[in-house]
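Try each task before you read its solution.

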Amino acid sequence: MDYEAIFKALGEGTRIKIVKLLSIKPMYVCEMESVLEMSQPRISQHLRILKQAGLLHMQKEGQRAVYSLKEEV
């Protein structure tokens, strides 16, 4: 487990908000757009960093992807 990557990923306020949202329920990026009042590309960049740190799980549903927190980090 790369704790340095995890803490770096959580070192930005927007990513902490995303983790908080995903702790409630899995979400699509389009759902996060309205809550975070942020563009899809910016949210996707944050999601990529969280996923690389091993915090998120992504599952494709057709053309869209649903993101959730990993059960075990």
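**Exercise 1. Which residues does Met 38 touch, leaving aside residues up to four places away in sequence?**

Start with the contacts. Met 38 touches Thr 14, Glu 33, Ile 43 and His 46. Keep in mind that this is a predicted model.

Met 38 sits in the loop that links α3 (29-36) and α4 (40-52).

**Exercise 2. Is Met 38 buried or exposed?**

The cut-off for buried is under 20% relative accessible area. Met 38 has 13% relative accessibility, so it counts as buried.

**Exercise 3. Find the salt bridges and say how exposed their residues are.**

Begin with the count: there are two salt bridges.

Take the pair in helix α1. Glu 4 and Lys 8 meet through their side chains, at 3.5 Å from N to O. Why do they line up along the helix? Well, they are four residues apart in α1, so about one helical turn separates them. Exposed means over 50% relative accessible area. Glu 4 has 53%, so it is exposed, and Lys 8 is exposed too, at 58%.

Then go to Lys 25, which forms a salt bridge with Glu 31; their closest N and O atoms are 3.5 Å apart. Here Lys 25 is partly exposed, at 41% relative accessible area. Glu 31 is also partly exposed, at 26%.

**Exercise 4. Look at the aromatic rings: how many aromatic pairs are there, and which ring has a charged end over it?**

For ring pairs, the limit is 6.5 Å between centres. The count by that rule is zero aromatic pairs.

Now the charge. The charged end of Arg 64 sits over the ring of Tyr 28, at 3.8 Å from the ring centre.

**Exercise 5. Which residues make the nonpolar surface patch of about 410 Å²?**

Met 1, Tyr 3 and Phe 7 make this patch. Zoom in on Met 1: it lies in the segment before α1 (3-9). With 61% relative accessibility, Met 1 counts as exposed.

**Exercise 6. Where is Glu 71, and how far is it from Arg 48?**

First, the location: Glu 71 is in the segment after β3 (64-69). Glu 71 counts as exposed, with 79% relative accessibility.

Then the distance. Glu 71 and Arg 48 are 23 residues apart in sequence, and 18 Å separates their C-alpha atoms in space.

Definitions and conventions: Residues numbered from 1 in each chain as written. Predicted model: local features only at pLDDT ≥ 70, side-chain atom pairs only at ≥ 80, totals over all residues. Heavy atoms only, no water. Phe/Tyr/Trp six-rings, centres within 6.5 Å; stacked < 30°, edge-to-face > 60°. Lys NZ or Arg CZ within 6 Å of the ring centre and 35° of its normal. Helix = DSSP H or I, 4+ residues; strand = E, 2+ residues; numbered from the N terminus. Buried < 20%, exposed > 50% of the residue type's maximum accessible area, 1.4 Å probe, protein only. Contact = heavy atoms within 4.5 Å. Patch = residues over 30% accessible without salt bridge, like charges linked within 9 Å, V, L, I, M, F, W, Y side chains within 5 Å. Areas by Shrake-Rupley, 256 points an atom, 1.4 Å probe, with all protein chains shown as cover. Salt bridge = Lys/Arg side-chain N within 4 Å of Asp/Glu carboxyl O.
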